[in-house]
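Please look through the two chains below before reading on. The paragraphs that follow take up one chain, then the other, and then the contact between them.

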Amino acid sequence: MLKILKYSFFDLIRSRWSYVYFAFYLLLGIVLLFLNNDLSKAVITLMNVIIVLVPLIGTIFGVMYYYNSKEFTELLLAQPLKRSSIFLGQYLGVALSLSMSLILGLGIPFIFYGLFESSAIWDFSLLLVTGVFLTLIFTALAFNIALSNENKIKGFGYAILLWLFLAIIYDGIFLMTLVMFEDYPLDKLSLVGTMLNPIDLSRTLILLKLDISALLGYTGAIFKQFFGTNFGLIVSFAMLTIWVVLPVLRIVFKSRKKDF
Amino acid sequence: MKNLIVFFSTILMASTTMAKTIEVCNSCNISSLKTAISQAKDFDTIIVKKGTYKEYEISVNKPLVIIGKNYPVIDGELKGEIFTIISDNVTIDGLFIINVGTSYTEDFAAIRVRKSKNFIIQNVVLEKLFFGIYIEKSNHGKVYHNKIIGDAVNEYNSGNGIQLWYSNHIEIEHNYVEHVRDGIYLEFSDDCLIKNNVSAENLRYGLHFMFSNDDVYQDNTFENNGAGVAVMFSKKIKMLNNTFKENWGTASYGMLLKEINDAEIIGNTFEENTIGINIEGSNRIVYKNNDFLNNGWAIKVRGACYANSFVENNFLYNSFDISYNSKVNDNVFDRNYWSNYTGYDLDKDGVGDVPYRPVKLFSYIVNRTPETIILLRSLFIDIIDFSEKVSPVFTPDNLLDNNPLIKNNTW
């Protein structure tokens with residue numbers, strides 16, 4: 001598996017897209033710092049970008065890589081290799097190279113700006129960790145979609161739909177539900193609703209750091225326990241981990257059964 | 001008023017030249033404050049040497065100056081009130097007063113001033129108290145440089161740090177109050193000056209006004225109090241250059257205004273509060289040159305607020321800038337700086353060319369269904385906020401800042 005991981009990783013690092021992705025984050029970081037002149041404000045803007053763009057790029061890239069390297073995969077399958085290690089290797093190769101572009105692309109301008117002397121370093125690290133989690137989750141989801149669909153166009157369609165659903169539509173439905181059932185106690189529902197969507201989950205994680213004063217304005221014991229203590233942070237990270245593990249397991253099962 | 005002070009201080013000086021000095025210490029002839037006071041003549045000075053004096057219900061019934069050297073401890077042994085001043089022209093200076101009794105029927109205080117004029121209470125340290133300095137029906141006094149550290153846990157069995165009741169023309173400066181119920185409490189007290197105080201970690205309010213008019217409070221810091229600062233049912237109050245910080249909680253405000261008319265709120269800083277200012281039934285208030293930083297809600301308008309003007313303030317990185325619960329707006333917003341403003345300035349006059357709408361649709365939704373706060377900063381919310389901005393349906397459509405500034409207001 002490590003060999004395949006290494007191969008995919010270096011293959012991707014050499015590819016143009018990784019550089020484009022890296023350059024994009026580099027530019028974003030520099031522009032944000034240049035325009036804002038303030039680290040903590042830049043972190044807020046960055047959060048908005050990360051929770052929308054990272055999943056999108058993760059899904060598209062994952063699907064694209066799977067379809068592009070299909071012939072190579074088939075060649076590998078002819079070798080005496082475990083199927084799970086082939087696909088996991090490829091998956092990790094994509095996810096890690098994407099994460100690396102993200103961390104380096106954003107990290108470099110912020111470090112040059114003086115991140116280590118700033119109090120925003122924890123917010124920023126949290127942001128990067130969330131970004132990595134989102135990459136891992138959405139690349140895994142993309143591999144799932146690609147494994148289940150032979151048709152490229154269909155695969156891309158589903159991938160974009162998935163992103164659209166989790167990034168926008170889900171929140172719309174969520175909001176409608178909350179407003180419709182406003183006569184009932186909703187704090188459990190709203191927390192569960194957040195847990196079920198990795199994008200919302202990462203958003204709350206960052207909110208815990210940035211908008212805590214507003215979040216504490218709502219009366220509710222469960223909210224208070226969740227947002228007021230480290231409990232929220234721990235639960236959110238646990239949920240994010242589950243969100244990584246489940247799709248990865250499905251990749252393993254799916255690839256084992258799939259007929260190439 | 002100044003003339004009055006000069007007049008009385010000359011009297012005080014003239015009389016002190018003739019006055020005696022009485023020393024109190026544990027090994028002296030006079031070893032208790034009570035005896036010292038009963039032996040003293042008017043305008044004498046009592047000097048209390050370092051030591052511990054277990055006394056309570058000390059009644060200061062003649063004009064005296066009581067000075068503590070090296071902070072002697074007056075221990076009330078939790079039995080009741082410690083000092084009661086019932087004479088004019090009393091000065092208390094440099095005492096360390098502890099263990100005030102707690103009662104559910106009487107408001108025991110460390111120092112109570114009753115129906116007296118021209119008192120000075122300064123450099124006093126109070127600990128383990130019920131009420132700290134309680135001034136009732138007394139005018140023209142000064143409360144300077146005191147430190148009040150309570151250990152209040154519940155609102156029902158704790159008292160206030162500095163309380164004024166029917167007392168006018170009092171100056172309260174450079175005091176430090178923490179861990180009591182209300183840090184500073186004014187009821188029916190007019191023309192008072194509250195300056196340079198720090199009021200922190202109190203159970204209820206850092207500063208609390210009730211039915212008190214024409215007061216000024218400035219350069220104070222209110223931090224991490226249960227519910228911030230409450231100004232209620234008062235007229236013509238000036239609130240200048242204060243700092244309101246980190247008042248977090250469901251019913252927590254930097255400042256709570258209720259039934260306040262004709263006030264001026266200028267140059268204050270509101271930082272990291274759940275709600276910066278909560279306004280209810282308050283009219284003709286001028287908000288100018290205030291900084292609102294990182295609050296949950298910078299300003300929450302609950303209704304019945306007319307003819308207020310919000311001019312030249314900075315709204316920086318608040319989760320919500322303004323929240324309204326109705327569609328009617330009679331308040332003016334002009335020349336503020338909004339960090340969320342996304343317009344442009346083509347003619348480069350420093351004023352944005354597109355008006356800014358400080359009330360977002362999402363704040364309306366959160367008012368209706370508070371749980372939706374969890375969707376804060378979601379892309380979907382940004383989209384609906386944008387569509388509401390283009391054509392307001394739920395928020396007041398005339399609530400605009402027509403001249404949003406491009407750069408921070410500085411003053």
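**A walk through the two chains**

In chain A, 83% of the contacts with a separation of 6 or more are accounted for by residues 24 or more positions apart. This figure, like every other value here, comes from a predicted model, which scores ipTM 0.85 and pTM 0.84.

The secondary structure of chain A consists of 12 helices and 0 strands, so that, read from the N terminus on, its elements run α-α-α-α-α-α-α-α-α-α-α-α. The radius of gyration of chain A is 20 Å, close to the 18 Å that the globule rule gives for 260 residues, and chain A is therefore as compact as a globular protein of that length. Taken along the principal axes, the box that the C-alpha atoms of chain A fill is roughly 60 × 45 × 30 Å, and of the 260 residues in this chain 42% are buried.

An unreviewed UniProt entry places the feature "transmembrane region" at residues 20-36, 42-67, 88-112, 124-147, 159-181 and 231-253 of chain A. Among these spans, residues 124-147 of chain A are 100% helix and 0% strand, with the end C-alpha atoms 34 Å apart; residues 231-253 of chain A are likewise 100% helix and 0% strand, and there the end C-alpha atoms lie 33 Å apart.

Chain B comes next, with a mean pLDDT of 89 and with 96% of its residues reaching 70 or more. For this chain, the UniProt annotation "domain: Carbohydrate-binding/sugar hydrolysis", again from an unreviewed entry, covers residues 48-187 and 194-354. In the model, residues 48-187 of chain B are 0% helix and 44% strand, and the end C-alpha atoms of this span lie 33 Å apart. Residues 194-354 of chain B are 0% helix and 47% strand, with end C-alpha atoms that are 41 Å apart.

Which residues bring the two chains together? The contact takes 28 residues from chain B and 28 residues from chain A. On the side of chain B that touches chain A, α3 (361-368) and α4 (379-390) of chain B each supply at least two residues. Sorted by class, that side of chain B has 13 nonpolar, 11 polar and 4 charged residues.

Note on methods. Residues are numbered from 1 along each chain as its sequence is written. Chains are lettered from A and ligands numbered from 1 in the order in which they are written. This is a predicted model: local features need pLDDT of at least 70, side-chain atom pairs count only at pLDDT 80 or more; totals for chains, interfaces and linings use all residues. pLDDT is the predictor's confidence in each residue, from 0 to 100. UniProt positions are given in the numbering used here, feature names are shortened, and annotations may be inferred rather than shown by experiment. Helices (H or I, at least four residues) and strands (E, at least two) are DSSP runs, numbered from the N terminus. Two residues are in contact if their C-beta atoms, placed from the backbone, lie within 7 Å. Ala, Val, Leu, Ile, Met, Phe, Trp, Tyr, Cys and Pro count as nonpolar, Asp, Glu, Lys and Arg as charged, and the others, Gly among them, as polar. The radius of gyration is taken over C-alpha atoms; the globule rule is 2.2 Å times the number of residues to the power 0.38. A residue is buried if 20 or more other C-beta atoms lie within 10 Å of its own, exposed if 12 or fewer, and partly exposed in between; C-beta atoms are placed from the backbone.
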